[in-house]
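Try each task before reading its solution.

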Amino acid sequence: MELNLKDSVSKVKGVGPKKKELLSHLHIETVEDLLGFFPRKYEDRSQVTSIMEAPFDRDVLICGKVVSRKSSASAYNRKVPLRILVEDNTGSVELVFFNAKYLQNYFLVGQEYVLFGKITLNYGRRQMAHPEFHKLGDKDDVRGILPVYPLTEGITQNQMRSWQMAVKDAAEQVEEWLPNHVVMDNHLCSPAYAIRNIHFPTDTQKVKESRYRMVFEELLVLQTGLFYIKKGRSSQAEGVSIPKTVSVEPFLKQLPFDLTPGQKKVWDEIEQDLAAHKPMNRLVQGDVGSGKTAVAELAMYKAVKGGYQAVMMAPTELLAKQHLASLRRDLEPLGLHVELLSSGTRGKERTRILDELERGKIDVLVGTHAIIQPDVRFRKLGIVITDEQHRFGVNQRALLTEKGQNPNVLVMTATPIPRTLAVILFGDLDISVIDTMPTGRKPIRTYLRYNDARKKVYDFLASQVAEGRQCYVVAPLIEESENLDCRSAEELYEEISKGYPKLRVGLVHGGMKQDEKDAVMEKFAAGAIDILVSTVVIEVGIDVANATVMVIENCERFGLAQLHQLRGRVGRSDKQSHCILICGKETEVAAKRNELMVNSTDGFTIAEEDLKLRGPGEIFGTRQHGLPELNIADLVKHVDILDQVKDVAKDILEEDPYLRDPDNQVLRDKVKKMFGENIQLQL
């Protein structure tokens, strides 16, 4: 039966209801989806290696004749394996199978077999445990270049390979959809050729050509969608414009510091955006402590003085309260009315705030997700600011902007993101970076220590407290776990409290109620707690200038970006600050992280390295960013191809802004499929 691309995958031989359900978890619903499900790597089994030349502990393909077979009546006993001696013209290797009574009659003396697996040396004898095997010349011969797919539980590699074989002919139905000049200029093979050689490769060069085509195609769809979204937002109806004549000098005069060069540069970009007649959509990146809040306050002050209201959304109530304190300190003396709205704002207080907001009596509203509720209405919203955007869901920023008539949008993040990735993650935003730190800040000194130095570390904490400082101790777990060899926050709290009874020790973790956490953190901020023992709930959302030491227990359990964020909780004054990494078990990856943390305080360098170690999906989580999941492209490895496709995508959208041209129908369909509800293509 000939299969069509749009046929359900259930028509494929061997795919019953259960397998169909499992395939849906891999987003495979049709024959076309199956063909578009690409291998993550390949095993080269095309070259047979002689037994004596085969390297140890690496997968190799060998071919040899069975010369003897040794088994036992109790072959189901793991201690008595089935042993088969195989030789070629260079030497011999012993195959070892446990629990393999069923194989006794498969291996025939004198028969040649093809075997794939690792050879090890055991008491001077070459052995291969549980290799893949087939008789030489069998239809299931294991030789060739084999694709390895990223599967889900319940589906095997052999099943996926056989299903791909069953739909192989349908690949010929995939037609070229890219313009001829794009194909020629970028030396692309046809999509049918690419699909065929990705799934059924005969040599590595064809695999490279095919993968290049499909990576190019996928990144073109991604970039076209992002440009479309950005263009749609920038070509909206006229936005809120605040002329440059609205002075911010009164605000700048009352600041206890001068703006850094980095802050001035970013403010110039923001002021230019605010004066324009289209809505600002700008991301401000800056390392922890670089002064993003002051820039945001400048923007809010200017908006209010221009006759508008401002709103700022933070991911936690604690962070919202900290913003409230700084906004009231800096803006209220200048006549601005600032209020807080969170899930904890209830009853008459909430009614009062909603009423004053709608009547324009509140100039600046700061809060949590509570401010995107339908009954929160502004009189004249001019600017929307979100802090730590990556902590919000995809549509929350959009819901907030709908509170006004195309208000200006400013997104702040202290998570350093490599520029190439930031362009993708925030493709709808212009990007600014505050790349200088306030004067007088001393670089945080970072040290690596191991379990045997813990007493010295605690003594150091006590000495810092004696000098009037405060300290953090962060653990990866709330309580002890039998499965993980890690120090828990509760265990450390007990240890420090008992060992240093004169110190005031506090404990905060994710298992506590929000008001309990806030109470402990507020005591720490007020100086009533010397040492705060915590899980990563303090990663974002607490600013205590007097804290000068950050101890991170089991640092190998944290990613680089997270370690850098935690370290950024100290070093927020002119006092020398310290970060001590205590490593429990140093793996190869942990060793690289530790070395980088000790030698660098630059968040962008660290972010680049984290990207190389873990990849973008693991760091950011594609879903919360609204970034579509990519099937074959890698945003780190394929940056050069990404640069190529940007020009192609721009040219296509310049000629056909809404992708209405019949020649762009396939691209349009692919963009809609990739972005789903996050894109609304105008018909």
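**Exercise 1: the largest core**

Task: Find which members of the largest nonpolar core touch the most other members.

Solution: Next, look at the helices (DSSP runs of H or I, at least four residues, numbered from the N terminus). Those that each supply at least two residues include H1 (17-25), H6 (204-234) and H22 (639-655). The largest share, 11 residues, comes from H6.

This is a predicted model, where local features need pLDDT of at least 70 and side-chain atom pairs count only at pLDDT 80 or more, while totals for chains, interfaces and linings use all residues. Residues are numbered from 1 along each chain as its sequence is written, and side-chain values use heavy atoms, leaving out hydrogens and water.

**Exercise 2: histidine 323**

Task: Decide whether histidine 323 is buried or exposed, then list its contacts.

Solution: First, locate histidine 323 in helix H10 (residues 317-331). Its relative accessibility is 5%, so histidine 323 counts as buried (under 20% relative accessible area; exposed is over 50%, partly exposed in between; 1.4 Å probe, protein chains only). Finally, leaving aside neighbours within four places in sequence, histidine 323 is in contact (heavy atoms within 4.5 Å) with Thr293, Met312, Ala314, Val366 and Asp387.

Terms used. A nonpolar core is a set of buried Ala, Val, Leu, Ile, Met, Phe, Trp, Tyr and Cys residues joined through side-chain atoms within 4.5 Å.
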